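Reader: I would like to walk through the salt bridges and sheets of this model with you. Could we take them one by one?

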Amino acid sequence: MILRRFISLPLKNARKVSYVQGQSPAPKIREYFYYIDHEGMLFLDDARIKNFTSCFKEKQFLEFFFKRLKLNDTERYNEEFPFLSVCGRERNYIRCDDLPIVFTHIFEDNDKAEMISYAHAGDKLRMPWEPNRVCMFPDSGRVYHPAPERYGSIGLIRSKLAIELSSYFTFQNGEEQPPTHLSWKNETYELDQHWWKETYIGRREGKVS
């Protein structure tokens, strides 16, 4: 199961690895190396400065790149770069600050259904917004939301949106515990306290599936 495999991966990879952008380990194969920060911005891994100026912004490229993102199931760089996006003859190895999927904003589609988008690709990459399944971990302050299963079933909510959402949390069990309710558009949702627990605990303890 992809979720079991995903949570056993290290959150950060401090080990140094040697590579050259565009290297060719086999005929007609090119390898590139990327990094996703906690705001969901995509960079070349060896970019000296990582900020809004140096990140990838073209939405069609981001859509193409992320729709092909998966666990790195090859024998190359799978510890240092646990994710992979295969684009034709290019193998794009990916590491991230936290999770590869980072949600950026909530919006209504043409049918007035609320959606949450990710990877800074606007409405090109989106899924239904589930306010009852938001979770926040008090020890880190980070907020999470379900993601498509192929990405590991959980995604991080970027800081700006997380701060906005946190003002609508209720902590009936105390502020040292996860929030219990979220007030959203004149409705109060009891937060699902179960869907994320196995994922979070497994990732923290480094359990292997």
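Reader: Which residue meets K185 in a salt bridge?

Author: Happy to start there, with a word on the ground rules. This is a predicted model, in which local features need pLDDT of at least 70 and side-chain atom pairs count only at pLDDT 80 or more, while totals for chains, interfaces and linings use all residues. Residues are numbered from 1 along each chain as its sequence is written, and side-chain values use heavy atoms, with hydrogens and water left out. A salt bridge is a side-chain nitrogen of Lys or Arg within 4 Å of a carboxyl oxygen of Asp or Glu, and at 2.9 Å, N to O, the partner of K185 is E114.

Reader: How many residues apart in sequence are the parts that K185 and E114 tie together?

Author: Strands (E, at least two residues) and helices (H or I, at least four) are DSSP runs, numbered from the N terminus. K185 sits in the loop between β13 (181-184) and β14 (187-190), whereas E114 belongs to strand β7 (residues 114-118), so the separation they span is 71 residues.

Reader: Is K185 buried or exposed?

Author: Buried means under 20% relative accessible area, exposed means over 50%, and partly exposed is in between, using a 1.4 Å probe and protein chains only. The relative accessibility of K185 is 54%, so K185 counts as exposed.

Reader: How many salt bridges are found in the whole structure?

Author: The search covers the whole structure, and the K185 and E114 pair is one that meets the definition. The total found is 10.

Reader: Which residue meets E39 in a salt bridge, and where does it lie?

Author: E39 is in the loop between β1 (30-36) and β2 (42-44), and it is linked to a distant part of the chain, 119 residues apart. E39 is buried, with a relative accessible area of 15%. The N to O distance is 3.1 Å and the partner is R158, in the loop between β11 (154-157) and α3 (159-166).

Reader: Turning to the sheets, which strands are at the edges of the six-stranded one?

Author: Two strands pair if DSSP finds at least two bridges between them. This open sheet has mixed pairing and runs in the order β8-β7-β6-β11-β10-β9. An edge strand here pairs on one side only, and that describes β8 (126-128) and β9.

Reader: What is the bridge partner of V102 in β11?

Author: β6 and β11 run parallel and are joined by two bridges. In β11, V102 has as its bridge partner L156.

Reader: Which residue stands opposite T170 in β13?

Author: The open sheet β12-β13-β14 is antiparallel, and two bridges pair β12 with β13. The residue opposite T170 is H181.

Reader: Which side chain does H181 join in a polar contact?

Author: H181 is buried at 16% relative accessibility, and it touches residues including Y168, F169 and E190 (contact means heavy atoms within 4.5 Å). A polar contact is a pair of N or O atoms within 3.5 Å; within protein, one must be able to donate a hydrogen and the other to accept it, and residues adjacent in sequence count only if both atoms are side-chain atoms. At 2.9 Å, the side chain that H181 joins is that of T180.

Methods. Lists of a residue's contacts leave out its neighbours within four places in sequence.
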